[in-house]
Amino acid sequence: MHSYQHYQDEIAQLQRLADTARHQEITSARDTIFAIMRQYGLSAADLGVPAPRRATSGQRLAPKYRNTTGDTWCGLGRMPKWLVGKNCADYLVK
């Protein structure tokens, strides 16, 4: 009869073998897909893969609304308190 540690060692070894096999299969599949795409002149967009979204964090948008005290709002996110219940068209930046 084998010990618990022996089985744990076998599990770890099998997991390493499984990870290696998966990596090889993914690499092979990717190479096959790229070869077919090159053969037929396909792009990711042709396959319906959406283009990656650009990160907008840290980028400031131009203000769309401004009040008399100089407070601004770009029109995205929660409406500021100074604009709630008012006609937004009156505060559009021109």
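Guide: Lys and Arg count here as positive and Asp and Glu as negative, while His and the chain ends are not counted. On that basis, this predicted model has 13 positive and 8 negative side chains. The centres of these two sets lie 20 Å apart.

The chain holds one helix and two strands, and along the sequence they follow the pattern α-β-β. With a radius of gyration of 28 Å, well over the 12 Å that the globule rule gives for 94 residues, the chain is more spread out than a compact globule. Its C-alpha atoms fill a box of roughly 80 × 50 × 20 Å along the principal axes. The accessible surface of the chain is about 8,600 Å², and carbon and sulfur atoms account for 55% of that area. Of the 94 residues, 9% count as buried, where buried means under 20% relative accessible area.

Now to the core itself. In soluble globular proteins, nonpolar side chains tend to be buried together. In this chain, the largest nonpolar core has five residues: Tyr65, Trp73, Trp82, Leu83 and Tyr91. Leaving aside neighbours within four places in sequence, Tyr65 is in contact with Trp73, Trp82, Leu83 and Tyr91, among others. The contacts of Tyr65 also include Asp71, Thr72, Gly75, Cys88, Leu92 and Val93. For the chain as a whole, among contacts between residues at least 6 apart in sequence, 25% join residues at least 24 apart.

Conventions
Residues numbered from 1 in each chain as written. Predicted model: local features only at pLDDT ≥ 70, side-chain atom pairs only at ≥ 80, totals over all residues. Heavy atoms only, no water. Helix = DSSP H or I, 4+ residues; strand = E, 2+ residues; numbered from the N terminus. Rg over C-alpha atoms; globule rule 2.2 N^0.38 Å. Buried < 20%, exposed > 50% of the residue type's maximum accessible area, 1.4 Å probe, protein only. Contact = heavy atoms within 4.5 Å. Areas by Shrake-Rupley, 256 points an atom, 1.4 Å probe, with all protein chains shown as cover. Charge placed at Lys NZ, Arg CZ, Asp CG, Glu CD. Core = buried A, V, L, I, M, F, W, Y, C linked by side-chain atoms within 4.5 Å.
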